[in-house]
Amino acid sequence: VVSLTGFQAGIITDNTHTKARILKIDPERVRQELGQDKIVVVAGFQGMTETGEIATLGRGGSDTTAVALAASLKADLCEIHTDVDGVYTADPRIIPKATKLRFISYDEMLELASLGALVLQPRAVEFAKNYTVPLLIRSSFNECAGTLVGEVTSVENCRPVSGVAHDLNVAKIGIFDVHDCPGIARKIFQSLANEQINVDMIIQGWVRDDRNDIVFTVTRGDLDRALPVVERIVKEIGASGFVYNDRVAKVSIVGAGMITNPGVAADMFKALAVEGINIEMISTSEIKVSCIIEEDQAIKAVGALHAEFFE
């Protein structure tokens, strides 16, 4: 066995403090050690900048390190051993009837990871998708078969819904009476990007009197940094004001087969309505539907959606 730091394993990153991204990997040292029949243990979560400084990769850095090494070595498979034995249709800690999936596509896993599923970090899934690295999610504590994450051959053969996710780390911000003219949205969201604040859902309302409302979500951890930026931008663009709410949650359904199965969104809204859960924001893509609801309704919403699509 030989142990290597990220630097010794050839992991080169950018210089973003605590959130560095992998730029490239030179796997020659790892190949040499493997060529001598050694088991190579690499410290994840770290690398070196092109100027020679040690950098940490931030949240999900260990999984990302594993996938990036697998990609650079052209490995047949990358196994991620974690505290769960696969990807489930919902969080089994709150939905006892959740079932384990034998297979899930890169796109579905990327959406679930981005929407609150804690099995894998989005950065790791994105790396796997970009470099076509098959992932096997398995438990560190048993020998159960895991969940394979890979390429899907045909969306027509996919389940309409593969999983339900929820995220409590959400806050929403609304800006009122924004002038309807080119460049305004860019100014708002470029200002947030300049402060390294990621924006998730964005909803623009109907135009009336050449003005509209814009509502968007950020993580709760970014809210305190976002509010001063928004306050400044509101004055600069001549909007009438803004509000925020950090007591909301996001619930989502994900499925690659959604695109070929009309009515999935309607079924989601029906399930929430039956439980008396009000929807504050809706965002969709080809394979997901997300809703912002009140935080104290999140667990009930997940249960209702899982019952609707899986039970």
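1. A quick word on terms before the comments: a residue is buried under 20% relative accessible area, exposed over 50%, and partly exposed in between, using a 1.4 Å probe and protein chains only. By that rule Tyr-131 is exposed, with a relative accessible area of 51%, whereas Phe-127 is buried at 18%.

2. Ground rules. This is a predicted model, in which local features need pLDDT of at least 70, side-chain atom pairs count only at pLDDT 80 or more, and totals for chains, interfaces and linings use all residues. Residues are numbered from 1 along each chain as its sequence is written, and side-chain values use heavy atoms, with hydrogens and water left out.

3. Aromatic pairs. Rings of Phe, Tyr and Trp (its six-membered ring) pair if their centres lie within 6.5 Å; planes under 30 degrees apart count as stacked, over 60 as edge-to-face, and the rest as tilted. The count by this rule is two aromatic pairs. Phe-127 and Tyr-131 make a stacked one, 5.1 Å centre to centre with 25 degrees between the planes. Both residues lie in helix H4 (residues 122–131), four residues apart, or about one turn of the helix. Helices here are DSSP runs of H or I with at least four residues, strands are runs of E with at least two, and numbering goes from the N terminus. As background, an α-helix has 3.6 residues a turn, so residues three or four places apart point the same way.

4. What about Phe-189 and Phe-216: what kind of pair do they form? Their ring centres are 5.3 Å apart and the planes sit at 80 degrees, so the pair is edge-to-face. This pair links distant parts of the chain, with Phe-189 in helix H5 (residues 184–194) and Phe-216 in strand S13 (residues 211–218), 27 residues apart. Phe-189 is buried at 18% relative accessible area, and Phe-216 is buried at 0%.

5. Helix H2 deserves a look. Thr-64 lies in H2, which covers residues 61–72. The expected span of a helix is 1.5 Å times one less than its number of residues; for the 12 residues of H2 that gives 16 Å, and the end C-alpha atoms are 16 Å apart, which agrees. Since 10 of its 12 residues are buried, H2 is largely enclosed by the rest of the structure. Among the buried ones are Asp-63, Val-67 and Leu-69. After H2 comes Lys-74, with a positive phi near 55 degrees.

6. Thr-64 itself counts as buried, at 2% relative accessibility. Contact means heavy atoms within 4.5 Å. Leaving aside neighbours within four places in sequence, Thr-64 is in contact with Ile-22, Arg-123, Ala-124 and Phe-127, and Phe-127 is the stacked partner of Tyr-131.

7. Cores. A nonpolar core is a set of buried Ala, Val, Leu, Ile, Met, Phe, Trp, Tyr and Cys residues joined through side-chain atoms within 4.5 Å. The largest one has 37 residues, and those touching the most other members are Val-67, Val-87, Met-109, Val-133, Leu-135 and Ile-137. H2 gives the most to this core, with five residues. A second, separate core of 21 residues includes Ala-171, Ile-184, Phe-189 and Val-230.

8. Strand S9 is worth checking by eye. Is it mostly covered or uncovered? Mostly covered, as five of its five residues are buried. Leu-135, Ile-137 and Ser-139 are on one side, Leu-136 and Arg-138 on the other. Two strands pair if DSSP finds at least two bridges between them. S7 and S9 run parallel and are joined by five bridges, with Glu-79 opposite Leu-136. S9 and strand S10 (residues 147–150) run antiparallel, joined by three bridges, and Leu-135 has Val-149 as its bridge partner in S10.

9. There is also an open sheet of four strands, in the order S3-S2-S5-S6 with mixed pairing. Its edge strands, S3 and S6 (54–56), each pair on one side only. Strand S5 (residues 46–49) pairs with S6 in the antiparallel sense over three bridges, and Met-48 stands opposite Ile-54 in S6.

10. Last point, on H5. Lys-187 lies in this helix and is partly exposed, with a relative accessible area of 30%. Leaving aside neighbours within four places in sequence, its contacts are Ile-233, Glu-236 and Ile-237. Lys-187 and Ile-233 are 46 residues apart along the chain, with their C-alpha atoms separated by 7.9 Å.
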